[in-house]
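Visitor: I'm new to reading protein models. Could you walk me through how helices and aromatic rings pack?

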Amino acid sequence: MPTHADTLRSIKTFPDLVRYLEDELDWPLQEYGFDELTFEYSPAELGLRDEDAAKVKAIHQLRPMADGQPFGIFFVEFERKRMPVVVLRRILSHLALKQRAGANRAGSAAWALGDLIFISAFGDEASDQREIAFAHFRQEAGDLPTLRVLGWDGADTGLKLDYVAAVLHERLCWPADPADADAWRQQWADAFRHRLGHVIRTSDALAERLAELARRTRGAANTLMAHESERGPLRQLHRAFQTALIHDLTEEQFADTYAQTVTYGLLTAAIQRTDLQGGRHDTTLYSDMLAEVVPITNPFLKEMLQTFLHIGGQQGGINFDELGIQDVVDLLRGDETDLPAILRDFGNRTRGEDPVIHFYEHFLAAYDKKLKVQRGIFYTPQPVVSYIVRSVHELLQTEFGLADGLASTVTWGEMAARGQGTEGGFRIPEGTDPASPFVTILDPATGTATFLVEVIEVIYRHLRAKWDSPERKQLPGLSTFILQPSSFADYWNDYVPRHLLPRLHGYELMMAPYAIAHMKIGLKLHETGYRFGSVERVRVYLTNALEPPDDERGQLAFAGWTPALAHEAQAVNAIKRWQRFTVVIGNPPYSNFGQLNRIPWILELLDAYKRGLAERKINLDDDFIKFIRFAQYLLDASGMGILGFITNNTYLDGVTHRQMRESLLRAFSWVGIVDLHGSVMKADTCPDGSPDENVFDIKQGVSVGLFCRTVGGAQNSLLHYDMWGTRSAKYSVLSTAAPRSMVWQALPATKPTFFFVPKSLRLAEEYEDWPSIATVFREFVSGIQTGRDSFVSSESEADFEARLSVLMDPSVSNEEVGRRYKLPDFDGFDLGTCRRTLRDTHTGKACRQKWLYRPFDVRPILFHDSVIKRTRGTVMKSLLVPNVALITVRQLAKIGFSHVFVTKHMGDGNAISINTREYNYYFPLHVYPSNLQISLPVDSTLNMAEEFIRQVRTKLGAKSVDSDKGDSDSSVGAIDIFVFCICGTS
C-alpha cells in the first residue's frame, strides 16, 4: 500500500491533484474532471503585464463546491522551473485588493484577503523537481499582508512529505459543517503557518536568517526594476542615489543598497523597541510605525527608511510584501527570535573580536560572499584597533602637547596661540573657524565603526579617570558649564553632544555596515551612560570617501520627494569641502587590483606615487593605497595631524612603491611602522623558524602605519618594529603596547628605494656597479597568465587531446563545455572563437603548443588569445620558434636567491616560483616580428641593448657581437653573453 509520501510524489498535474483532494481530503468534486470543475482566466483579466503573463501557462478558478463557500480557489501553472513569487503575489494582490467587475463568473466580484487560496504548479512534470504549492495571504493588525506557502516536490524527504500530508489531512480536509463559514475559515487558514524552528538566540543565527531575507528583497527589487518604466519609483530613487551620493551606482548595486537599508533599518527599529530584560516576546514592531522608532542619532537612516517603505507601500504602487519587507518584520518580532538575548551578546566584548563586527562579517558572508571579497572587507581584531587608537591618543599628547589627547577640546585658535613661536609658524587652514575643535577624527572606510567606538572608549576612560583624580578641574569643556556638574554622568551627557559627536566622523560606502555603525555607536554611548538628550547626530555618512565634493545643483531635482538623500548629500559635501581633519584612522579595503574606484579625482592624486618610476607595470591602484593617498591629502590640507592605518604591507618594500614611500617621508615628520607580517604568500616564518600567523584570516601580510606631522617637529624620523609569532601572541602585545613603550629600530631614509623595512645595504655599491638585466635585454615580459590553468593545459597529453576533441566537436554545445570544465572568467574570454579556430586545420594546429609550467615540467597548452587571459604578446611568441630565454624574478619574498632558469619554451608566470611577489620574467635571446608565421622562415633580432653590446665589445676587445656563436679572435657570440648573464644572475 502506498505511503502518504509516495502519494504526494505521484501528483504531477492539476487533474492528479483534483483526485487527491476528493479521495484523500473529501472535497465534494463528484468525480468530475479538471476541465469540468474549473473555468479559465486570461492573464489580462488579472491585470498582468505582458512580461508577467509570459511566465504563466494557465490560470483556472475552481467552481464553488457548496453554497456560501467563503474561499476563492485558483489553480496557477507557471512556465518556469521555479515559482516566480513576484508574479504570484501580483495576482494575489490584484484579486484581493481590487474590484474586478464581472471577473468571477460564479457571481462573486472579489474576495476578502484571507479568503483566497492559490494552488500552483511549476517545474518539469517528468522530474522530481515538479512542485505543487498551496498559497494563502494573512494579515495581522497594523501589518501589511504576508504570503504563507505549503508545498512539496518529489525530491523532498519522507519526513517532510509526511508532515505536509498530515497538515493537508488535518487542516485542508473538507469541513465537518460547511455552513459554519467562520470555522471553515479558521480550519483552512491554520494550514498556512511559519515553518517551526529553533529559537534564534545568537548573532550568527540571526545574521544567516537576515541574509536570506535580504537576498530575497534584493532579488525582488531587481525584478521590479526590470518591470518598471523610467518613471517608476525604484528607478527614480536609483537615479537620485547616483546624483546625490554614489555616482557610479549600478541598478544591481542599488537593489543591494535597498535590501540592506530595509534590513538594517528594521533591525535598528527593532532594537529601539526591545526590552533588554525581557525574552523573545519583548520586541514590539509593526509596519505602520517602523521608521518612527529609528533613533534620532541617525536622521538619514530614519528618513531613508521612510522613503523606502513608502515606495514599498501601496501608495507607492509596489506591494510592500512583494519586496519581502514584512518577512523581516516577522523575523525580528516573531516568537522564534530572542532579540534581547542577541543584543546582550552584542554587548559582550571579548579579546580579539567584537560581536557586532562578527555579526556583520557573518551576515555579509552569507548574503554575498563575492561582494565581501571584492570590496576587501575584513573586520579588524579588537587588539589591533585598540593599539592604533591608543597610539594616536598618545601621539597627540607627546607630539602636539595635548594632555587630553583624543578627548581634547582645544580649538584651532588656541593651537595657533600656542604655536606662534615654533619654527615655520602655525597656520589655521583656509575656511576653518578658529573656534572650531582642533582634534577632529575621520575613519574614511568606517565599516561597522569599530575604530570610532574605540575612540569613544578611550575618551570615556580618560575622562572618567581624570574626574576621579585631583585633575578634575582640568577636564576639557568644564569651564563652559554655568553650574558645575554634580556627577560624572552629568558632565558626560553634556560633553558627548557638544564635544564628542561633532568631532567624530566616518564615511561608509555600503548600506549594511553604515546602518550597523550607527547602531553600534548608539549602543556604545548607551553603555557609557549617555541618555540621548540632544538631537546631535552621529556624523557617519553614506558616501564614497574617494569621491570629491559634488555640485549640489543636480540634487535639487530630487529634494522634494527624497529629502533624506538631499540632506545627506548636503551634509557630506559640506564636510568634504570645508572640514579639516587632524586624525585619520581605520582599516581601509584591501587588494582588489585597482578594479574598483576608478575615480578620476583619486587617480590624479595617485600620480604623486607614480611620477618618475619608469616602470612597465605599476601596482599602485589597490584601494588601500588610494586610501593612504587620500589620508595624506587630508592631512596636507590641515597642515598637520596623525594617520593610523592597518593595511596590506606590500608597500613597505615593494619595488614600485618607492615613490610612495618617498612622498610619505616628505609629508610626515615621524613615521612608525609595526610590521605584523603573517603573509601566506611569502611563507612568513619567525626568525627562529617557528610559524608566523596573520592577525586576520587573509593571505596578505599586514602592518600598522603611524604617520605624524607636526609644526617645527624633527624631520624624517623613520622607525620600524617587527612583530612575529602566533596570532594570540601578537594580540597580547598589541593590547598593551604603545609607541612610548616600544623599542623601535631607526631606519635610514635611503635613496632611491626609501625602504620601510630593515635592509642590508653593505653590498649596495658593488651591486649598483653591475648592469641591470633590464638594461641588458631590450625586450622582456612576465610569464603567461592563463586565467584557468586546468582548462587550457594538462599534465597528461591524452587528457589534453581528449579535451581538444570535445572543443572541436560541433555537436557539443558551449553550455555543455561549461558544465564539463571550469571555464576561465575574465574579460575577453571567447569560447566560441576558440572552438572555431581549433576546427580550422591551419590555425588549429598553431593553437597546440608547449609551455614550461614548472621547472622541468613541460606541458601542452591551448594557446590562443580568446582563451588565455594574458599571452604576453610578441616577446612570449618569440619562443614558439627555436630560441632560448632566461627566467628570473624582480624581487624576493624572503632571503635567499636561487631564482634563475633557462627554457626554450614559453612559460608560466609561476614557473620557477609560486610566490606572488616572485612573479617570473622572461628574457629571450632573440625576438621575432609581431606577424610571426611559425611555418615560414623569418629573420630574428638579437634581443640585446646596443649600449650593452658596445660595453661588451670594449671590455673583451671584440670587433663585433654575432647573433649566434662568435669566433675566438674577432667576435663574441650572443649565446656566450647569454651564458654569462645566467652565471651572473646565479
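**Helices and rings**

Guide: Let's start with H17 and H18, whose crossing is right-handed. A crossing gets that name if the near helix is turned clockwise from the far one by less than a right angle, and left-handed if anticlockwise. Helices here are DSSP runs (H or I, at least four residues) and strands are runs of E (at least two), numbered from the N terminus. Keep in mind that this is a predicted model: local features need pLDDT of at least 70, side-chain atom pairs count only at pLDDT 80 or more, and totals for chains, interfaces and linings use all residues. Residues are numbered from 1 along each chain as its sequence is written, and side-chain values use heavy atoms, with hydrogens and water left out.

Visitor: At what angle do the axes of H17 and H18 cross?

Guide: Axes are lines fitted to C-alpha atoms, for helices over the stretch in contact, and angles run from 0 to 180 degrees between N-to-C directions. Helix H17 (residues 450-467) and helix H18 (residues 488-500) cross at roughly 140°, their axes coming within 12 Å. That makes H17 oblique to H18; angles under 35 degrees count as roughly parallel, over 145 as roughly antiparallel, 65 to 115 as roughly perpendicular and the rest as oblique.

Visitor: Which residues make the contact of H17 and H18?

Guide: Contact means heavy atoms within 4.5 Å. H17 brings Ile456, Ile459, Tyr460, Leu463, Arg464 and Trp467, and H18 brings Phe488, Tyr491, Trp492, Tyr495 and Leu500.

Visitor: How do I read a pair of rings?

Guide: A pair of aromatic rings is described by the distance of the centres and the angle of the planes. Rings of Phe, Tyr and Trp (its six-membered ring) pair if their centres lie within 6.5 Å; planes under 30 degrees apart count as stacked, over 60 as edge-to-face and the rest as tilted. The whole structure holds 38 aromatic pairs. In one of them, Tyr491 and Tyr495 have ring centres 5.9 Å apart and planes at 35°, so the pair is tilted. Tyr491 and Tyr495 sit 4 residues apart in helix H18, about one helical turn. Ring pairs also link Tyr460, Trp467, Phe488, Tyr491, Trp492 and Tyr495 into a cluster.

Visitor: Are Tyr491 and Tyr495 buried or exposed?

Guide: Both Tyr491 and Tyr495 are buried. Buried means under 20% relative accessible area, exposed over 50%, partly exposed in between (1.4 Å probe, protein chains only).
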